[in-house]
Amino acid sequence: MWNEKGNSHLQQPILPSLFSIGAIGLTLAGALIWQSEFAYALDYVSSYVDGLLRWWYVALVAFLTAFVIWLGRYKNVRLGKDYEQPEYRLFPWLAMLFAAGTGVGLLFWSIAEPIMHFQGNPFTSEGFTPSAASTAIQLSFFHWGLNGWAIFALVAIAFGYFSYRHDLPLAPRSALYPFIGERIFGFWGHVVDALAVFATVFGLATTLGLGARQTGTGLKWLFSVEASLWVELSVVAVVTVIATISVVSGVRRGVKILSEVNLWLTLILLAAFMIIGPFDYMAGLLVQEIGGYLDSLLIMTFYVGANEPGNWQSTWTVFFWGWWLAWSPFVGLFIARISRGRTLREFVFGVLLLPTLVTFVWISVMGGAALHSELFGGGGIVEAVNKDIAYALFATIEHLQTTDSIKFLMGLVATLLISIYFITSADSGALVVNIILSGGQLEPPKASRAGWAIGNGVLTAVLLVAGGIAVLQDAVILAALPFSLVIVAMTAGLLKALHHEPLAAPREGCKQHRAAEPWTGSDKA
């Protein structure tokens with residue numbers, strides 16, 4: 001077994017911070033001084049590497065999904081020592097998984113994406129049909145389902161396994177220990193951590209940008225506040241201030257409490273949609289399209305669009321896989337911190353299945369309400385989404401058959417949900433960046449925490465000014481590319497380390513003998 005070293009070997013490394021600050025500083029300068037040129041350059045580079053990203057991201061995510069499922073065979077290997085038990089019970093664990101992983105993004109896309117696919121996609125010959133509606137839900141399941149959560153799960157396992165089981169830093173560099181040993185505390189370890197921070201910051205900026213856009217839309221719908229760039233920037237400023245105060249104060253239970261509040265608010269909003277909306281259609285859609293999703297999963301997983309013109313694959317799957325990859329250091333570290341003590345089998349099936357199922361229900365209810373209006377009602381949601389994609393949720397609430405006061409309350413809950421998810425993402429994201437840059441220290445210096453919380457807000461604001469959602473999408477796709485190579489290295493390191501682990505070692509206090517095999521004609525162990 002390779003030697004295990006503690007976090008004391010890594011004392012506030014300077015190089016990752018300098019690299020990250022320099023790269024992000026250059027981005028800020030370029031976006032502020034040459035706004036149109038910056039947006040054009042991002043679009044040009046994205047188009048140039050599009051052919052590479054199409055097959056590389058598809059192949060990588062397909063492999064990671066299969067690999068994480070394979071890791072479920074380790075039923076007695078824990079993210080921690082053999083005697084450790086899970087720190088959190090199932091409900092708060094699920095609440096924090098959902099809040100950290102996909103909260104803001106799912107609120108933004110759960111209606112917008114099905115409505116966009118309903119109008120046309122590569123798997124349907126004709127849009128605006130019942131068949132197109134089914135495919136639209138299946139594609140939304142695909143982009144928010146098992147494949148994406150497998151990315152988060154892999155990174156989280158690597159973080160938790162090497163840190164909690166082998167006492168290495170809670171940082172990406174630790175997964176390279178089986179290959180380079182003590183050199184993870186040198187140059188290559190610094191490079192790996194810096195690439196993780198670079199991807200995380202742009203993944204966070206994309207999430208915060210979408211949240212700001214939708215929060216501004218909610219304020220317009222609720223209080224007739226005219227939607228504008230200044231409103232979005234004001235939202236970013238307010239959230240940045242709150243997140244900075246929160247991350248500096250170091251309130252241990254803050255994120256957990258907000259996550260549980262958000263899960264309850266999510267359940268309230270879902271219940272309102274189910275009661276007021278076409279419940280039988282939503283339930284039928286959920287059951288039917290889970291089957292359709294499973295039936296088409298392999299085809300969708302490996303679809304590249306090699307023989308078809310157009311940019312559908314780049315606009316959707318490449319963007320989402322880039323976003324999940326860029327977001328994975330943040331979410332992976334967060335999930336690792338709340339999953340200490342769980343076995344790999346518990347972790348794999350918990351992280352893959354529980355959030356995925358909740359997500360499927362959410363999309364079936366929210367997206368189903370919108371599709372039902374288009375297929376069997378008065379429609380109008382397609383036009384609203386095409387005019388402003390951030391308006392999808394509120395346009396669907398508008399078309400529900402209920403009173404204006406109930407619609408207002410639902411819109412208020414939705415806007416509150418977006419805002420709290422926004423705050424928890426900004427707060428946790430700043431903390432995660434600091435943990436990585438400080439070499440895995442769980443309590444980084446307050447000045448550094450405040451600086452990165454403010455920096456994340458500034459980057460989000462600058463990218464919004466430079467070109468809005470389109471620039472955010474291009475930035476996150478490109479930022480994820482170098483980190484995708486780090487994920488490959490982390491996977492290889494984890495695989496090598498697990499060779500030293502028994503698949504089914506007896507637990508302490510259990511009867512220690514091999515299982516009998518009666519089908520061989522002998523009951524000898």
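Helices H5 and H11 lie roughly perpendicular to each other (an angle of 65 to 115 degrees, where under 35 is roughly parallel, over 145 roughly antiparallel and the rest oblique). The model is predicted, so that local features need pLDDT of at least 70 and side-chain atom pairs count only at pLDDT 80 or more, while totals for chains, interfaces and linings use all residues. Residues are numbered from 1 along each chain as its sequence is written, and side-chain values use heavy atoms, without hydrogens and water.

Helices here are DSSP runs of H or I with at least four residues, numbered from the N terminus; axes are lines fitted to C-alpha atoms over the stretch in contact, with angles from 0 to 180 degrees between N-to-C directions.

| Pair | Angle | Axis distance |
|---|---|---|
| H5 (130–144) and H11 (279–301) | about 65° | 8 Å |
| H8 (187–223) and H9 (229–249) | roughly 115° | within 9 Å |

The angle given for the second pair makes H8 roughly perpendicular to H9, and the crossing of H8 and H9 is right-handed. Here Ala212, Arg213, Thr215, Gly216 and Leu219 of H8 meet Val231, Glu232, Val235 and Val236 of H9, a contact of H8 with H9 made up of five nonpolar, two polar and two charged residues.

Note on methods:
Helix = DSSP H or I, 4+ residues; strand = E, 2+ residues; numbered from the N terminus. Left-handed = near helix turned anticlockwise from the far one by under 90°. Contact = heavy atoms within 4.5 Å. Nonpolar A, V, L, I, M, F, W, Y, C, P; charged D, E, K, R; others polar.
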